[in-house]
Amino acid sequence: MTEPAFAVKHLRHAYNGEEVLRLDDWSVAEGESWLVLGPSGSGKTTLLHILAGILAPTEGSVSVAGRALRELPASELDRFRGRNIGIVFQRLHLISSLTILGNLLLAQYLAGASRDIGAARGLLASLGLADKGDSRPRALSFGQSQRAAVARAVVNSPRLILADEPTSNLDDANAAAALDVLLAQARACNAALVIATHDRRIRDRFERQITLAGGA
Amino acid sequence: MNLLRLSLAYIRARALNSALNVLLLALGVGTIVVLLLFTHQLQQRLERDSDGIDLVVGAKGSPLQLILSSVYHVDIPTGNIPLQDAEKLKTNPLIKSAVPLALGDSYEGFRIVGTNHDYVSLYQGKPAQGRLWEKPYEAVLGSEVAAHARLNLGDKFVGSHGLVEGGEKHEHSPYTVVGLLAPSGSVLDRLVLTSVESVWEIHGQGPHEKDEDEDENGSDPTKPRHVQPQELTALLVQYASPMAAAMLPRQINSQSALQAASPAFESARLLNLVGVGVQTVQAFALVLILCAGLSVFIALYNALRERSYDLAVMRSLGASPGKLLVAILIEGMILACAGVVLGLVLGHALTEVLGTWLHASQRVYITGWTVVPGEFLLIVAALAVGLLSALLPAVLAYRTDIAEVLARR
């Protein structure tokens, strides 16, 4: 048995003294895909931020690829996140001043990975965006933008891919397509995939699910 | 992809705003460059022209006027001094040398100066063609005069009465060109030189001129008073010892009908007078630069708010807060550098254009293709303004709480 992609122990998080997240033990192996379910305000986004090392939990520990995030110095944590964790934001947040290819190259640069234009273009091509590399995010449809955001998240072959509500604004067909892309890319990097959603349409496609109840 | 290209991408994304900031800074820098170039070269010119002249002795009147008329040859003389007074002064042991000047006539707007050969050596002048004057009515032309008048060795010309164009011509006594001076970069280039005797003889002959001069001396101070035989306009004095600086001016000013003025002191006073205007314009230009700094600050600060998601995303992609700080600073510095470079180019080009125009109309030679020491300070100051205006936005970027930004709905 290999070490888990990430493991969470006795996690608690509170905003202004009010507990918003409670999760005791959760361990996810490489290549597994998980859904995090729960109503709005149940702490799904908070959990993703904690897993990404963007937010330090009030209590408990998170380790990703065997490294305890809490013990990493701040600058190393940023780099570690860039190299090992890919995030697809709910609102995508592609950088509009850069081209799609520029967004991917920025992700390589900021993670401290070597710049590989060929790999970035190849990734775009595999997501049906071969001709969009030099376009600005504004020029893309929502579906294309979402695939571009997935491409940016996986360009450094992360160990863990986090996606926040990837299907909430999509119709059925597009939601299914978005999931296909995420699952295919996670498989391609053998990364663990965690999708936070309240979208009931996609529940059936995942065997592994956890449900957050929110603050006690 | 690196931080420089990232910053450039953001600048391009706000092309109009960025161009405006660059232009604003460039205008401020350019204005100061023009002022620096002008005052520096003017100062250099004034120093060059008064180099080696410790004291000017002439008729009583305004000391500044005396210096302007007999050192820089721009104003009308204060009057004339009797030759015997001048001769007596020359025997003073505090004086090393005294070059006589006799003014009064001009040729096509260039002054005819009656003097001796020492005047030429004062400015290290040398004949490029021909020789210096020996006999009355022999004249030597400064390089600009020769170029303007297209006169050659052996040509004859007549001087006209007074120091501006359009005076009555002395048709009866033409000068012969015996020498053309090489350019010296001094006032010599704009003068026609001859012997003091030539000037005396011309004014000794004309019967009508005597009458005119008599009432001039009393009634019309705006008209130049012309040298009469046995009179000089001024003496350019070199001290024999440093002690002379303390004693000689007081001696002359208190004991004789003569006036002594120091070119160094008077040109400093003149520059001070001009300086008030220059400083006012400089202050405006500084305000312009500060406005540019403020404008860069506002642009970056606003951009920061639009860009808070971008910054948070970059952090999530692995950027350290320090990297974001540097990225914003680079952006400010790119704008500042562009503004400085454009300002330097604009300033120098504008100075060259103005200089060419001034050269044609005023015979003042100023070039834009030179660098003056003050510019380095200006560059440093303008870049510092750029850096400072980017500093606060950069620090705010550094401090962005990414979880908070990303959780915003």
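A: The account below begins with the chain as a whole, moves to its strands and single residues, and ends with the partner chain.

This is a predicted model, and the description should be read with that in mind. Chain B is built from 14 helices and 13 strands. Its radius of gyration is 31 Å, whereas a compact globule of 409 residues would have a value near 22 Å. The box filled by its C-alpha atoms, taken along the principal axes, points the same way, with sides of roughly 100 × 45 × 35 Å. Of the 409 residues in the chain, 44% count as buried. Among the contacts in chain B with a separation of 6 or more, 78% are made by residues 24 or more positions apart.

Two loop positions in chain B deserve attention for their backbone geometry. B:Tyr137 lies in the loop between S5 and S6 of chain B and has a positive phi of about 70 degrees although it is not a glycine. With 17 other C-beta atoms within 10 Å, B:Tyr137 is partly exposed. B:Gln124, in the loop between helix H5 (117-122) and strand S5 (127-130) of chain B, likewise has a positive phi, near 55 degrees, without being a glycine. B:Gln124 counts as partly exposed too, with 13 C-beta neighbours inside 10 Å.

B:Val274 and B:Thr39 are 235 residues apart in sequence, yet their C-alpha atoms are 9.0 Å apart in space. B:Val274 is itself partly exposed, with 14 other C-beta atoms within 10 Å.

The packing of nonpolar residues brings the two chains into one picture. The largest nonpolar core has 117 residues, and those with the most contacts inside it are A:Leu106, A:Leu162 and B:Leu25. Helix H2 of chain B (residues 15-50) gives this core its largest share, 13 residues. Apart from this core lies another, of 54 residues, which includes B:Val71, B:Val187, B:Leu236 and B:Val237.

Direct contact between the chains involves 20 residues of chain B and 26 residues of chain A. On the side of chain B that touches chain A, two or more residues each come from helix H1 (3-13), helix H11 (308-316) and helix H14 (402-407) of chain B. The largest share, 6 residues, belongs to H11(B). By class, this side of chain B has 14 nonpolar, 4 polar and 2 charged residues.

In chain A, 5 strands form an open sheet with parallel pairing, in the order S6-S7-S8-S3-S9. Its edge strands, each pairing on one side only, are S6 (85-88) and S9 (208-211) of chain A, and the twist from one strand to the next averages 20 degrees. Within this sheet, strand S3 (residues 33-37) of chain A and S9(A) pair in the parallel sense over 4 bridges, and the bridge partner of A:Leu35 in S9(A) is A:Gln209. Another open sheet of chain A has 4 strands in the order S2-S1-S4-S5, with antiparallel pairing. Finally, A:Leu162, named above for its contacts in the largest core, is in contact with A:Leu48, A:Leu51, A:Ala52, A:Ile85, A:Ile87 and A:Val194, leaving aside its neighbours within four places in sequence.

Definitions and conventions. Residues are numbered from 1 along each chain as its sequence is written. Chains are lettered from A and ligands numbered from 1 in the order in which they are written. This is a predicted model: local features need pLDDT of at least 70, side-chain atom pairs count only at pLDDT 80 or more; totals for chains, interfaces and linings use all residues. Two strands pair if DSSP finds at least two bridges between them. Axes are lines fitted to C-alpha atoms, for helices over the stretch in contact, and angles run from 0 to 180 degrees between N-to-C directions. A nonpolar core is a set of buried Ala, Val, Leu, Ile, Met, Phe, Trp, Tyr and Cys residues joined through C-beta atoms within 7 Å. A residue is buried if 20 or more other C-beta atoms lie within 10 Å of its own, exposed if 12 or fewer, and partly exposed in between; C-beta atoms are placed from the backbone. Two residues are in contact if their C-beta atoms, placed from the backbone, lie within 7 Å. Ala, Val, Leu, Ile, Met, Phe, Trp, Tyr, Cys and Pro count as nonpolar, Asp, Glu, Lys and Arg as charged, and the others, Gly among them, as polar. The radius of gyration is taken over C-alpha atoms; the globule rule is 2.2 Å times the number of residues to the power 0.38.
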